[in-house]
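Here are my notes on the model you asked me to look over. Please read them with the structure open beside you.

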Amino acid sequence: MKRRLLNLLTLLSLLLCVAACVLWIVSMFQGLGVEWRAPAATRSWGASCLRGEIGLSTTSSDPVPGAAGRLLFYTTVPASPIDSLRTLEGPIARFQFNVLGVAKFQARPGTSRLDAFYFPCWLAIAVNAVLPVRRLLLARRRLTPGHCAKCGYDLRATPGRCPECGTGIEGA
Ligand SMILES: [Zn+2]
């Protein structure tokens, strides 16, 4: 069960890793975004990728009676959102942090409010590469003599039975 979950997570990570690579490349030429607003809601949620920066944002504003909900896909010029927001910094708008492209921006003009969180594509790739790379290393180790054929654990100190997964080793 645990193993199955790990396999599923590894596959999911691999897909996200590939998706982040594709987004990174595409977003250098074309900014991509999606925004969702519930009917008559005062709040909207957005996700975007521009110049290798992935952004998640929420905005809230005064209620608009009767406003229709919408799901909007849009493309835009591929400008770095973090660089663009820097010019807006002032008393009502500021970065709460901005380290290596991981940034949180907050703006409070009047009664409306914007919260945006950014992280670079390379970070998404690095984080999501952990499980697939681990799997790859284990697969290589399993083929190495002296390692468990099931989980890749080093059996040189404990021949006979794998202490990690309990697999009996033939011929030991
Ligand atoms: Zn094992």
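The points below go from the overall fold to the sheet, its strand pairs and the helix across it.

1. Ground rules. This is a predicted model, so treat every value as computed: local features need pLDDT of at least 70, side-chain atom pairs count only at pLDDT 80 or more, and totals for chains, interfaces and linings use all residues. Residues are numbered from 1 along each chain as its sequence is written.

2. Elements. The protein chain has 3 helices and 7 strands. Both are DSSP runs numbered from the N terminus: helices are H or I with at least four residues, strands are E with at least two. Their sequence pattern is α-β-β-β-β-α-β-β-β-α.

3. Overall shape. The radius of gyration of the protein chain is 24 Å, while a compact globule of 172 residues would come near 16 Å. That radius is taken over C-alpha atoms, and the globule rule is 2.2 Å times the number of residues to the power 0.38. Along its principal axes the C-alpha trace spans about 75 × 35 × 30 Å.

4. Burial. Of the 172 residues, 15% are buried. A residue counts as buried if 20 or more other C-beta atoms lie within 10 Å of its own, with C-beta atoms placed from the backbone.

5. The sheet. What is the strand order? The open sheet of 7 strands reads β4-β1-β2-β3-β7-β6-β5, with antiparallel pairing. Pairing requires at least two DSSP bridges between two strands. The edge strands, β4 (70–76) and β5 (93–99), each pair on one side only. On average, neighbouring strands are turned by 10° against each other, direction ignored.

6. β1 to β2. Strands β1 (residues 31–37) and β2 (residues 43–50) run antiparallel, joined by 6 bridges. E35 has G46 in β2 as its bridge partner. Their hairpin has 5 residues between the strands, and A40 there takes a positive phi near 55°.

7. β2 to β3. This antiparallel pair has 8 bridges. A47 is bridged to L56 in β3. The hairpin leaves 2 residues between the strands, and R51 in the turn has a positive phi of about 45°.

8. β5 to β6. Here 6 bridges join β5 to β6 (residues 102–107), again antiparallel. N98 has A103 in β6 as its bridge partner.

9. The helix on the sheet. Which strands does helix α3 lie across? Helix α3 (residues 121–142) lies across β3 (53–60), β6 and β7 (113–120), and runs at about 60° to β7. Axes are lines fitted to C-alpha atoms, for helices over the stretch in contact, and angles run from 0 to 180 degrees between N-to-C directions. Contact means C-beta atoms, placed from the backbone, within 7 Å.

Key:
A residue is buried if 20 or more other C-beta atoms lie within 10 Å of its own, exposed if 12 or fewer, and partly exposed in between; C-beta atoms are placed from the backbone. Two residues are in contact if their C-beta atoms, placed from the backbone, lie within 7 Å.
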